[in-house]
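Please look at the structure below and read through it in the order of the paragraphs. Each paragraph takes up one part of the picture.

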Amino acid sequence: VDLVICKDVLPYINPKKFQTVMEKIHLFLKKDGYLMGSLFVNNPNDNLKIYQLRDIGAWFVPSKQFLVPMLESAGFKVDNPTPPKNFYYLFSAQKI
């Protein structure tokens, strides 16, 4: 496939299995294909929403410094993720 879109999906994958999922997405993408997605980030200004999302199983990346190496280790070149909008990062990553 040329493109995988995972908006508001990845935060619900068990963090212990996240790397495996990223590697499988990488495997199915064509060379130079893209993964576009979002990951939740802790935002102390929105505690109520964070608690509600955690109650239904979401997890949160602590920062951009966590996000980029995580995707790069699965074989992606990460374009700059957007600054957090409320409580999530949007990103695009190209298969390398």
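**A walk through the model**

Cys 6 stands opposite Gly 37, a residue of β2. This places us at a pair of strands: β1 and β2 pair in the parallel sense over 4 bridges. With α1, these two strands make a right-handed β-α-β unit. The model is a predicted one. Its mean pLDDT is 87, and 94% of the residues reach 70 or more.

Now follow the side chains along β1. In a regular strand the side chains alternate between the two faces of the sheet.

Next come the loops. Most residues other than glycine have a negative phi. Asp 8, in the loop between β1 and α1 (18-28), is not a glycine, yet it has a positive phi of about 60°. Asp 8 counts as partly exposed, because its relative accessibility is 34% and that class lies between 20% and 50%. A second case is Asp 32, found in the loop between α1 and β2 (34-40). Phi of Asp 32 is near 70°, again a positive value in a residue other than glycine. Asp 32 has a relative accessible area of 42%, so it too is partly exposed.

The last topic is the interior. In soluble globular proteins, nonpolar side chains tend to be buried together. Here the largest nonpolar core has 23 residues, and Leu 35 and Leu 39 are those with the most contacts inside it. Which elements each supply at least two residues of this core? They are β1, α1, β2, α3 (64-72), β3 (76-78) and β4 (88-95). The largest share comes from α3, with 4 residues.

A second, separate core has 7 residues, among them Phe 40, Leu 53, Phe 87 and Tyr 88.

Note on methods. Residues numbered from 1 in each chain as written. Predicted model: local features only at pLDDT ≥ 70, side-chain atom pairs only at ≥ 80, totals over all residues. Heavy atoms only, no water. pLDDT = per-residue confidence, 0-100. Buried < 20%, exposed > 50% of the residue type's maximum accessible area, 1.4 Å probe, protein only. Pairing = 2+ DSSP bridges. Right-handed = clockwise from strand over helix to strand, strands pointing away. Core = buried A, V, L, I, M, F, W, Y, C linked by side-chain atoms within 4.5 Å.
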